[in-house]
Amino acid sequence: MVTVVSAPAAVRTTGLRLRYVGPNWYAAVMGTAIVGNAGAALPGSPGWLRDACTGVWVLAAGLLCLVLAARAGHWARHPDAARAHLRDPAVAPFYGCLPMALLSVGGGALALGPRVVGERAAVTLDAALWTAGTASGLLVAAAVPYLMVTRHRIGADDASPVWLLPVVAPMVAAALGPALVPHLPPGAVQAREALLLGCYAMFGLSLLATLMLLPLVWGRLLRYGPLPVALTPALFLVLGPLGQSTTATGALADAAPGAVAAPYAGALRDFSVLYGVPVMGFALLWLAVAAAMVVRAARGGLRFSMTWWSFTFPVGTCATGAAALARHTGLDAATWLAVALYALLVAAWAAAASGTLRGLLTGALPVRPAPLN
């Protein structure tokens, strides 16, 4: 038997599903792009891995185009739902995923794209996506906290790791911006220094904002107990600013010799290790705690949802952070840590991607955003 769906019915069904494509869908782009970017950053990565990572970057770029188109359609056809997302304290922080998706694909263009589109096009693409991602990231980092203070009504037990998403975006820009420094004209001394120090400013912006929010998340866990089962994977989001800040200090140290005077360049390299080692230690502690909470949630009936993408990008940033430490210290232990975290990232991506694809094919996704607090 063949079921025929009329054109108006198909349009209505498509429109209904489009209504539920929220900003959280950019997490799939981030989570895919970081698989390619982290693989390319691994010390001594074999040629076959780089080939595979290049394919992953192409996939991430395609996903970015699809999600951008879907979100544009969402705003055009369902502006009421889009405005409702901004008014919802559980959904608005996911607007931080847009700039991070742009930045991640842009970073992959520079690291992996030259083999596909050529060196010049890769640099141009990265510069465009980094500029757009940085501008939107700074806007989101200011706008979403403003909405949380002035428009959202937040209870004492509503603190969530999701709150970190808007303020982490500038840290991603700080980690990926230094790679553009060598591509500026050699005589553009002021431009090189401005780009490097601007990335350091975003590093500080994001770090201090994170330090304000983390105690709220930890205090909520201690006072009110574990997060709801469906939200438990979001605990992995705490790894994002930790791993990304370690990655950022390493990337800034790499670019410093071509942008600032020698005394500062050496100091920034030392800082990348002095900062990165203790922060990575705390990241591993949080990874252990978050993993234990996820195991507990699995016993309590945890099922697949889009929150599973929280397992991907944050773990990937820890892999790139460990790779930066291996690059600057020469420690084999740091290299093996990066490899182990990358293996965890690939497994997490496979779980999140397969669950998302299955949901799309069966019609279970996208769905109306559910309360997360």
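Which residues form one aromatic cluster? In this predicted model, the cluster is made up of Y200, F203, F271 and Y275.

Zooming out, the structure holds nine aromatic pairs. One of them brings together F203 and Y275, with 5.5 Å from centre to centre and 75° between the planes, an edge-to-face arrangement. This pair ties together distant parts of the chain: F203 belongs to helix α9, while Y275 sits in helix α11 (residues 262–299), 72 residues apart. Both partners, F203 and Y275, are buried.

Helix α11 also carries F282 and W286, which lie four residues apart and are therefore separated by about one helical turn. Their ring centres are 6.3 Å apart and their planes meet at 50°, so this pair counts as tilted; the angle falls between the 30 degrees under which planes are stacked and the 60 over which they are edge-to-face.

T210 has a relative accessibility of 3%, so it counts as buried. Leaving aside residues up to four places away in sequence, T210 touches L164, V167 and P241.

Terms used: Residues are numbered from 1 along each chain as its sequence is written. This is a predicted model: local features need pLDDT of at least 70, side-chain atom pairs count only at pLDDT 80 or more; totals for chains, interfaces and linings use all residues. Side-chain values use heavy atoms; hydrogens and water are left out. Buried means under 20% relative accessible area, exposed over 50%, partly exposed in between (1.4 Å probe, protein chains only). Contact means heavy atoms within 4.5 Å. Rings of Phe, Tyr and Trp (its six-membered ring) pair if their centres lie within 6.5 Å; planes under 30 degrees apart count as stacked, over 60 as edge-to-face and the rest as tilted. Helices (H or I, at least four residues) and strands (E, at least two) are DSSP runs, numbered from the N terminus.
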